Amino acid sequence: MNINKFKLEEYLSQYEFTSPYLLCSSDAESFSMHEILSLADKEDKDLWENLRLGYTETYGLPKLRKQIATSLFPSLSDNNILCFAGAEEGIFASLYALCQPEDHAIILTPCYQSLLEVPKLKGADVTEVPLKEENQWRINLEDIQKSIKKNTKWVIINFPHNPTGQVISEEELKSLTHLCDKHGLWLFSDEVYRLLGTPSDGWAKPAAETYSKAISLGVTSKAFGLAGLRVGWIACQDTQMLQQIKQMKDYLSICNSAPAEIISLIALKNKDFILKRNNQILDDNLLLLDQFMLKYQEKFRWVRPQGGCVGFVEYKSTESVDHFSARLVKEKGVLLLPASNYDYNKNYFRIGFGRKNMPEALHRLEEFIQSNC
Ligand SMILES: Cc1ncc(COP(=O)(O)O)c(C=O)c1O
């Protein structure tokens, strides 16, 4: 197997657990076990206390699948849900099972590397369609249309987008699914940041509800701030497709962690409470970032994110972002994510604003700029 290194994950594992101020995290502030368990109703408390730690069902705990459908895909049912160990396994299992060497896949970039890497690993022909800042990093259907070939089978998107924080509107999604339908294409829609933030046009529906040949990917990690659970899911109207993907899961995790399934169930039942807390942290942090961007507009520039908890910032300097970030983390313990980790060769970095200690991290960044730049 010849797979490229996952640059972003390698970079994060080098710093994530040693740098005190993560100013590039892509998840919301986490919760303690105690906090989540205190939200449980009587039925789920009993489930938790009497849980037996054997294997669980490969598709996922039936109650959890039902809750995912009810909470996030109301027009679908539990039969349309397949659970995974995180979103990452969902990406690998889906794209490895379904992309074939003779297929062509179109993917919007910059992107979370596995979305690009797994189809390549399978031997598929991949065309990267760059999102452009002059288009506010939004999807451009013409660019996608121009890239369609006779053997195109997949369009792979991620909105809210990592790293720009831009979203897809209901109209844009409908136009995209119309285009996919016209050419018989499947749509893989990574929606792991959905419901985090407040997009000005509201949220588009999940792709899997909108289009019969779409797969929507979700997870507890990002909007819910529960990455340690490693519980993700895909939703798809086509249950035969799910079955093919499930066959790949048999070679990976086989089933989810039993305790994590129950905690995920409790979290999803309390979705509104959890999202309200996380979105409040995010809104407060965004206001501080607005002020920061205005104050330092000579040095930095961004398109204000609409969804998720990351944004893509240009560093307007002759110094490379990689150098700047290395100095910053060494002197102030503040971690940024240089765009080179996305194989993006312009002077940008990802900033994250989902965490409670973001104000302090930003303050330290400001001190650093004032004394060093
Ligand atoms: C767009 C995107 N998809 C998938 C993932 C993987 O999520 P998880 O860590 O929950 O498996 C990430 C993580 O950063 C991501 O940004």
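## Ground rules

A polar contact here is a pair of N or O atoms within 3.5 Å. What you're looking at is a predicted model, where local features need pLDDT of at least 70, side-chain atom pairs count only at pLDDT 80 or more, and totals for chains, interfaces and linings use all residues. Residues are numbered from 1 along each chain as its sequence is written, and side-chain values use heavy atoms, with hydrogens and water left out.

## Who touches the ligand

Let's start with Glu88: one of its backbone N or O atoms lies 2.9 Å from a ligand oxygen. Side chains join in too. An N or O atom in the side chain of Asp190 is 2.6 Å from a nitrogen atom of the ligand, and one in the side chain of Ser221 is 2.5 Å from a ligand oxygen. On its own the ligand exposes 390 Å² (Shrake-Rupley method, 1.4 Å probe), and the protein buries 93% of that.

## The shell around it

In total, 15 residues surround the ligand (a heavy atom within 4 Å counts), with Asn162, Asp190, Tyr193, Ser221 and Lys222 the closest. Six of the shell residues are nonpolar, five polar and four charged; Tyr counts as nonpolar and Gly as polar, while Asp, Glu, Lys and Arg are the charged ones. Helix 5 (residues 86-98) gives the most, with four residues; helices are DSSP runs (H or I) of at least four residues, numbered from the N terminus.

## Over at Lys249

Lys249 is part of helix 10, which covers residues 239-249. Lys249 counts as buried because its relative accessibility is 0%, and buried means under 20% (1.4 Å probe, protein chains only). Thr58 is 191 residues away along the chain, yet the two C-alpha atoms are separated by 7.6 Å.

Key
A polar contact is a pair of N or O atoms within 3.5 Å; within protein, one must be able to donate a hydrogen and the other to accept it, and residues adjacent in sequence count only if both atoms are side-chain atoms. Helices (H or I, at least four residues) and strands (E, at least two) are DSSP runs, numbered from the N terminus. Buried means under 20% relative accessible area, exposed over 50%, partly exposed in between (1.4 Å probe, protein chains only).
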